Amino acid sequence: MKDKKKDDEHPKSTPSCFGFPISIGFIVINEFCERFSYYGMRAVLVLYFRYFLRWDEDQATAIYHAFVALCYFTPILGAIIADSWLGKFKTIIYLSIVYAIGQLVMSIGAIADLTDKGIPDGKPDSLTLHVALSATGLLLIALGTGGIKPCVSSFGGDQFEEHQENQRKRFFSIFYLSINAGSLISTIITPVLRSQQCGKIPQECYPLAFGVPAALMVVALIVFILGSPLYKRESPQGNIVVKVSKCVGFAIKNRFVHRSKEYPKREHFLDWAIEKYDEHLIAQIKMVLKVLFLYIPLPMFWALFDQQGSRWTFQATVMDGDFGGIDIRPDQMQTVNPILILIMVPIFDIVIYPLINKCKINFSPLRKITVGMLIAGLAFVVAALLQIQIDKTLPDFPGHKESQIKILNSGDSVVNVTISGLKNSFTVQPLQANDYTTLKVDSTAKKVGVIYNSTKIDYTFNAKGGSRQTLLVTNMPKVLGIWLDDLNEKPEQGKNAVRFVNGLTNLVNISMNDVNFETLETLSGTNYSLFTKGKKTIIYTVNGTECKITSIAFGYGSSFTILLNSMCTSDDDGLIYIEDIKANTIHMAWQIPQYFLMTCGEVIFSVTGLEFSYSQAPSNMKAVLQAGWLLTTAFGNIIVLIVAEVSSIEEQWAEYILFASLLGAVSIIFGIMASFYVYVDPAEMEAEFEEKERAKKKAEDLESHSIHENGNETIAQSKF
């Protein structure tokens with residue numbers, strides 16, 4: 001009782017600055033930090049799944065969208081907790097603590113050498129703890145970010161007095177700006193943090209990429225608490241979503257109970273709730289259900305929109321991110337969307353919509369939503385066309401029933417090569433390698449014959465499906481050759497995979513950009529290590545003599561085997577570069593058209609959808625529509641999850657076309673549904689209902705007065 005009384009108390013005169021309550025400053029900063037935390041973590045999340053937890057693209061995409069869906073299911077839970085029990089202030093505090101703990105758990109789970117097993121190698125037993133901590137962290141984050149989502153903005157609106165309507169509107173504009181600012185800045189910064197080196201081992205620094213958002217969430221919580229003495233707080237009044245759900249549930253139950261009895265037919269199924277619920281409430285729910293019915297096709301839009309953080313990010317990993325000396329990482333391309341939002345929203349409001357009105361085109365809200373969906377579908381058609389061009393530049397990697405080999409000749413004589421199963425032989429020049437040869441995988445071991453100066457040596461090759469291997473041969477005395485396992489896919493995140501092979505007769509110690517490789521014996525090779533683009537410093541030592549040289553400029557997504565052929569001299573660095581996988585050649589800027597179309601679709605669809613929803617609902621039912629709108633996003637991500645797990649489509653461009661086609665079909669269905677919708681003015685309907693209530697009450701009063709008068713007359717006559 002004491003807490004309730006305290007919540008109801010607030011200063012009669014709220015401290016203000018430029019006409020705004022000072023308390024909203026804490027709320028805006030809190031929102032900026034929280035959005036920085038959420039979008040920063042989410043920007044690198046799908047790459048964390050793919051390259052740290054070693055899930056394939058389909059699994060990484062599915063889990064990513066499952067997480068996003070959960071983030072949009074939990075707002076309903078947060079709204080119920082706030083409106084029914086704790087109030088907005090306490091709900092924000094408690095769930096922000098849960099949120100910060102989730103971010104911290106994610107950061108700890110991303111520490112590579114978390115256990116005594118050391119760096120995870122992609123095998124299930126080495127990743128169990130990391131997966132468990134990551135799943136726990138994501139669940140807590142989803143509960144936190146979703147739970148406070150419906151509370152913070154409305155809590156900010158509560159800080160204003162009734163006469164501050166203009167300031168309240170400007171606050172929501174500032175609030176929306178803080179969301180986009182936090183999203184934009186974090187999406188730029190977090191991928192940079194991810195690319196830093198963690199410790200002495202060259203690896204992606206996901207603990208830092210998750211740790212900084214965790215710190216920002218702690219800052220958000222502290223800032224919000226600091227503003228506590230200034231806040232106006234309202235006691236929980238009961239959740240309208242729960243009330244509406246109970247009313248609908250009772251109507252369905254009541255209709256089911258009386259299904260076999262002879263009751264008068266009722267015009268609407270909600271009329272079966274009249275025995276328990278107010279007629280006014282039922283009329284309001286009918287208005288809301290008309291809008292919610294139109295929401296049914298909308299999840300398909302979000303199914304495409306949220307793939308910017310998954311499929312489109314993966315697409316960027318096989319593209320060139322050199323923007324005139326500025327290196328853009330694949331996950332940083334997501335910043336294009338918030339940047340374009342800040343540009344396109346005023347352009348649509350100030351230029352495009354007024355021009356359409358001048359042309360006297362009836363561009364109604366529902367038509368806008370339909371057009372927004374069609375434009376989003378077109379964005380995926382553009383993404384598919386781009387993917388087709390990317391696929392043309394990718395290496396011809398072996399299929400599940402194929403294997404590829406090539407011969408690297410580190411000697412000084414030409415070699416002739418024959419491979420069992422192939423009719424023709426071929427030659428490999430000194431210090432060169434041939435292109436990969438593709439072989440069918442079967443139970444028969446392959447024979448590779450290498451002829452050096454009339455001397456033939458046979459090597460046995462056990463072909464493995466989907467594998468690439470290099471046979472390193474030489475004509476040195478007593479040295480035969482070795483097999484090296486090659487990459488069977490593009491290097492991670494557009495990086496360069498580099499390995500070294502010792503073609504000298506001496507031991508070699510070698511390092512590249514402070515990454516030390518193991519000591520190489522004659523005709524032996526290192527494992528691949530990943531490096532960013534550009535030139536690197538290579539240092540190798542032979543018999544105490546050190547050679548320090550600058551490498552060639554590596555591009556995005558290339559793979560090289562570097563052969564040490566001789567000691568460096570004034571005109572020879574002693575290195576031979578064998579390109580195993582060519583660098584990415586299609587620039588990331590080609591993704592901008594699809595981002596532009598998707599952003600245009602978002603501006604038309606999302607902004608219009610919110611405005612339409614609010615204009616078509618009674619004032620006390622707007623929370624119901626907000627919950628329904630958030631659920632469309634959740635179900636949209638579930639659609640992607642299902643397609644990623646169930647679809648057998650191997651070509652990514654074909655999957656893009658599938659999504660575009662589905663959204664096109666849904667847009668047609670929505671357009672048909674919209675043509676039957678009759679726009680209403682809730683204020684007018686409320687006024688009419690109130691007028692009817694007044695007339696009804698007046699009639700009841702008159703009837704009561706008449707009965708009373710007649711009763712008095714009867715009594716008087718009986719006395720007379």
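This is a predicted model: local features need pLDDT of at least 70, side-chain atom pairs count only at pLDDT 80 or more; totals for chains, interfaces and linings use all residues.
Q: How many bridges join strand β15 to strand β18, and which residue in β18 is the bridge partner of methionine 512?
A: Strand β15 covers residues 509-512 and strand β18 covers residues 537-542. The two run antiparallel and are joined by 4 bridges. For methionine 512, the bridge partner in β18 is isoleucine 538.

Q: Is strand β10 mostly covered or mostly uncovered, and how many of its residues are buried?
A: Strand β10 spans residues 446-452, and a residue counts as buried when its relative accessible area is under 20%. By that cut-off the strand is mostly covered. Of its 7 residues, the number buried is 5.

Q: Which residue in β10 is the bridge partner of valine 415?
A: Strand β6 (residues 415-419) runs antiparallel to β10, and 5 bridges join them. Valine 415 belongs to this pairing, and its bridge partner in β10 is tyrosine 452.

Q: Which residue in β11 stands opposite lysine 446?
A: Strand β11 comprises residues 455-461 and runs antiparallel to β10, with 7 bridges between the two. Opposite lysine 446, the residue in β11 is phenylalanine 461.

Q: Which residue in the turn between β10 and β11 has a positive phi?
A: The two strands form a hairpin, with 2 residues between them. In this turn, a positive phi of about 50 degrees belongs to asparagine 453.

Q: Why does valine 351 count as partly exposed?
A: Valine 351 lies in helix α11, which spans residues 336-358. Partly exposed covers the range between the buried cut-off of under 20% and the exposed cut-off of over 50%. Valine 351 falls into this class because its relative accessibility is 40%.

Q: What accessible area do the residues of the nonpolar patch on the surface have together?
A: The patch is formed by Ile339, Ile343, Ile347, Ile350, Val351 and Leu355. One of these, Val351, is partly exposed. Together the patch residues have an accessible area of about 520 Å².

Q: Which residues form the negative surface patch, and what is the relative accessibility of glutamate 279?
A: The negative surface patch is formed by Asp278, Glu279, Glu690 and Glu693. Glutamate 279 is found in helix α8, which covers residues 279-295. This glutamate 279 counts as partly exposed because its relative accessibility is 45%.

Key
Residues are numbered from 1 along each chain as its sequence is written. Side-chain values use heavy atoms; hydrogens and water are left out. Patches are made of residues with over 30% relative accessible area and no salt bridge: like charges are joined within 9 Å, nonpolar side chains (Val, Leu, Ile, Met, Phe, Trp, Tyr) within 5 Å. Accessible areas come from the Shrake-Rupley method with a 1.4 Å probe; for residues, only the protein chains shown count as cover. A salt bridge is a side-chain nitrogen of Lys or Arg within 4 Å of a carboxyl oxygen of Asp or Glu. Lys and Arg count as positive and Asp and Glu as negative; His and the chain ends are not counted. The place of a charge is taken as NZ of Lys, CZ of Arg, CG of Asp or CD of Glu. Buried means under 20% relative accessible area, exposed over 50%, partly exposed in between (1.4 Å probe, protein chains only). Two strands pair if DSSP finds at least two bridges between them.
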